[in-house]
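Work through the exercises below with the sequence and the model at hand. Each task is followed by a solution in steps.

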Amino acid sequence: MTDGELPEPRPPIIGVIGPPCSGKSTVAKHLQSRGGEWINADLIAKQQLDCPDVIQELTERLGSSIVTDDGTISKKHLADLVFGDDADSFARLRVLESVVHPRTRRAIHDRIAEAARQERPFVILDIPLLIESGYQSICDEVWCMEISAEHHQRLLAERGWDDSELQRRAARQLPWKEKAAASTRVLRNEGTLADLKASVDVCLHETLNRD
Ligand SMILES: CC(C)(COP(=O)(O)OP(=O)(O)OC[C@H]1O[C@@H](n2cnc3c(N)ncnc32)[C@H](O)[C@@H]1O)[C@@H](O)C(=O)NCCC(=O)NCCS
Ligand SMILES: Nc1ncnc2c1ncn2[C@@H]1O[C@H](COP(=O)(O)OP(=O)(O)OP(=O)(O)O)[C@@H](O)[C@H]1O
């Protein structure tokens, strides 16, 4: 998606990225409470998996093991097929992305256009693959979550994830140092939830009051 395809004028767009379980959604939710339009790409991408034609195409291309008895797609089975470090898993992830990403981009574009029509004060683009997918070009700011290994382990443990669950996803993304370097702001998540929300308020005020 390029700038040219977006309506003008449009609200400031804040991209939020970060490792799984690093506080991204917490930041996005808090920004939404401050009036922003939260666009959650993970959610939009998963919603595409409910479309009958997507189910049919993915079943044909990835096999019927991804479909459960009630005819819906098992996200767990799909994750097991695509998040491996072997070439076949990587190829299957590319197939999944080739089916889901174009639809997700169209839905994101429509949501940004709607936010412009409603004259929302700002838009939150909560997209794990924001940098990899080139959305950075339409963002006025990109905030990258930074979390210490200790704190991250605690949050992952609360979610019931072991490190391998995180690594198999991270292996398919740019290294975090590259993402932080490509961002306009690094948001450290080391304290309490209240601390995180307070720092979000400071960053939002600076973003919306830049001259
Ligand atoms: C394979 C799926 C169904 C697994 O769903 P699951 O419930 O396990 O997702 P879960 O919320 O646990 O993990 C999502 C996290 O996985 C990572 N991830 C998801 N898709 C990808 C991808 N294509 N490449 C790298 N990392 C990815 C992101 O960090 C994301 O935050 C889902 O991740 C998916 O459909 N991915 C392909 C579509 C996509 O690229 N989505 C990301 C949009 S930016
Ligand atoms: N500073 C914190 N203190 C305590 N709990 C936290 C803190 N930051 C985040 N959490 C909790 O950790 C969990 C993960 O946070 P969140 O869902 O925001 O991460 P995420 O990066 O969006 O994860 P994912 O990308 O996998 O959806 C949530 O239950 C959230 O409430």
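**Exercise 1.** Which residues come nearest to ligand 1?

Solution. The model is a predicted one, in which local features need pLDDT of at least 70, side-chain atom pairs count only at pLDDT 80 or more, and totals for chains, interfaces and linings use all residues. Residues are numbered from 1 along each chain as its sequence is written, chains are lettered from A and ligands numbered from 1 in the order in which they are written, and side-chain values use heavy atoms, with hydrogens and water left out.

Step 1. A residue is near a molecule if one of its heavy atoms lies within 4 Å of it. Around ligand 1 there are 20 residues, of which Asp 42, Lys 46, Glu 97, His 101 and Arg 169 come nearest.

Step 2. Sort the shell by class, where Ala, Val, Leu, Ile, Met, Phe, Trp, Tyr, Cys and Pro count as nonpolar, Asp, Glu, Lys and Arg as charged, and the others, Gly among them, as polar. The shell around ligand 1 then holds twelve nonpolar, two polar and six charged residues.

**Exercise 2.** Which residues come nearest to ligand 2, and what are the classes in its shell?

Solution. Step 1. Of the 15 residues around ligand 2, the nearest are Lys 24, Ser 25, Thr 26, Arg 159 and Asn 189. By class, this shell has five nonpolar, eight polar and two charged residues.

Step 1. α1 (24-33) and α6 each supply at least two residues of the shell.

Step 2. An oxygen atom of ligand 2 lies 2.6 Å from a side-chain N or O atom of Arg 159. The backbone takes part too: an N or O atom of Ser 22 is 2.9 Å from an oxygen atom of the ligand, and a polar backbone atom of Gly 191 is 2.9 Å from a nitrogen atom of ligand 2.

Step 3. The protein covers 74% of the 630 Å² of accessible area that ligand 2 has on its own.

**Exercise 3.** Is His 152 buried or exposed?

Solution. Step 1. Buried means under 20% relative accessible area, exposed over 50%, partly exposed in between (1.4 Å probe, protein chains only). His 152 counts as buried because its relative accessibility is 8%.

Step 1. His 152 lies in helix α6, and a polar atom of its side chain is 2.8 Å from the backbone oxygen of Pro 20.

Step 2. Compare Gln 153, which is also found in helix α6. At 37% relative accessibility, Gln 153 counts as partly exposed. Its side chain makes a polar contact of 3.2 Å with the side chain of Asp 163; the two residues are ten apart in sequence and 7.7 Å apart in space, C-alpha to C-alpha.

**Exercise 4.** Where are Cys 21 and Glu 119 found?

Solution. Step 1. Cys 21 is in the loop between β1 (13-17) and α1. Its phi is near 65°, a positive value in a residue other than glycine, and at 13% relative accessibility Cys 21 counts as buried.

Step 1. Glu 119 lies in the loop between α5 and β3 (123-126). Glu 119 has a positive phi of about 55° although it is not a glycine, and it counts as exposed, at 70% relative accessibility.

Methods:
Helix = DSSP H or I, 4+ residues; strand = E, 2+ residues; numbered from the N terminus. Polar contact = N/O pair within 3.5 Å; in protein donor to acceptor, adjacent residues only side chain to side chain. Areas by Shrake-Rupley, 256 points an atom, 1.4 Å probe, with all protein chains shown as cover.
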